[in-house]
Amino acid sequence: GIQKIGELVPVKYQLYQNYPNPFNPSTVIKFDIPKSDFVTIDIYDITGKLVSSLLNEYKTSGTYEIKFDASGLASGVYFCRMTSNAFTDIRRMVFLK
């Protein structure tokens, strides 16, 4: 599930590096939204294939955390992509079994 952290309103959009990285089998992805917006967070493998869609909904402003469990995936490099109406960013993640 997605958890909102605190009540402070961030000043800019931001997708933080996942923690821990490398991870096995789960990791936490943290992101900021300065204003209410429709947000998607997707995970892609090294070939660009979508392997998981973690978030695809309207969120109010704030800082959020979402847990990603990769136990059904192969070891390797994955990419986390956050997209909203005004922002897009990608972070590289390493999954080691």
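# Strands, core and ring pairs in a predicted model

Mentor: F95 is buried, with a relative accessible area of 0%. Keep in mind that this is a predicted model.

Trainee: OK. Which element is F95 in, and what does it stand opposite?

Mentor: F95 is in β8, and it stands opposite G76. The strand that pairs with β8 here is β7, residues 76–83; the two are antiparallel and share eight bridges.

Trainee: Which ring does F95 stack with?

Mentor: With F23. The two rings form a stacked aromatic pair, 5.3 Å centre to centre, with 20 degrees between the planes. F23 sits in the loop between β2 and β3 while F95 is in strand β8, so the pair ties together parts that are 72 residues apart in sequence.

Trainee: Is F23 buried or exposed?

Mentor: Buried, with a relative accessible area of 1%.

Trainee: Which residues make up the ring cluster?

Mentor: F23, F68 and F95, linked by ring pairs.

Trainee: What else does F68 touch?

Mentor: Leaving out neighbours within four places in sequence, the contacts of F68 include P25, I29, I43, L54, L73 and M93. F68 is also one of the residues with the most contacts inside the largest nonpolar core, along with I29, F31, M82 and M93.

Trainee: How many residues are in that core, and which strands supply them?

Mentor: The core has 21 residues. At least two come from each of β3, β4 (37–45), β6, β7 and β8.

Trainee: You listed L73 as a contact of F68. Where is L73?

Mentor: In the loop between β6 (62–69) and β7. Not counting residues up to four places away in sequence, L73 touches V51, F68, Y78, F95 and K97.

Trainee: And how far is L73 from S61?

Mentor: Their C-alpha atoms are separated by 32 Å, with the two residues 12 apart along the chain.

Trainee: What holds strands of a sheet together, in general?

Mentor: Strands of a sheet pair through backbone hydrogen bonds, either parallel or antiparallel.

Trainee: Back to this model. How many bridges does β4 make with β5 and with β7?

Mentor: Eight bridges join β4 to β5, and six join β4 to β7. Both pairings are antiparallel. For reference points, T40 has N56 in β5 as its bridge partner, and Y44 stands opposite F79 in β7.

Trainee: How many residues lie between β4 and β5 in the hairpin?

Mentor: Four. Among the residues of that hairpin, G48 takes a positive phi near 95 degrees.

Trainee: Why is β4 described as largely enclosed?

Mentor: Because eight of the nine residues of β4 are buried, the strand is largely enclosed by the rest of the structure.

Trainee: What does β6 pair with?

Mentor: β1 joins β6 through four bridges, and β3 joins β6 through eight. Both run antiparallel to β6. I2 stands opposite I66 in β6, and D32 stands opposite T63 in β6.

Trainee: What does I33 touch?

Mentor: Setting aside residues up to four places away in sequence, its contacts include P10, Y13, V39, Y64 and M82. The C-alpha atoms of I33 and I2, 31 residues apart along the chain, are separated by 13 Å.

Trainee: Y13 is a tyrosine. How many aromatic pairs are there in the whole structure?

Mentor: Four. One of them involves Y13: the rings of Y13 and F87 have centres 5.4 Å apart and planes at 10 degrees, so the pair is stacked. Y13 is in the loop between β1 (2–5) and β2 (14–15), and F87 in the loop between β7 and β8, 74 residues apart. Both residues are buried.

Trainee: Last one. Which charged end sits over the ring of Y16?

Mentor: That of K30, 5.0 Å from the ring centre.

Definitions and conventions: Residues numbered from 1 in each chain as written. Predicted model: local features only at pLDDT ≥ 70, side-chain atom pairs only at ≥ 80, totals over all residues. Heavy atoms only, no water. Pairing = 2+ DSSP bridges. Contact = heavy atoms within 4.5 Å. Core = buried A, V, L, I, M, F, W, Y, C linked by side-chain atoms within 4.5 Å. Buried < 20%, exposed > 50% of the residue type's maximum accessible area, 1.4 Å probe, protein only. Phe/Tyr/Trp six-rings, centres within 6.5 Å; stacked < 30°, edge-to-face > 60°. Lys NZ or Arg CZ within 6 Å of the ring centre and 35° of its normal.
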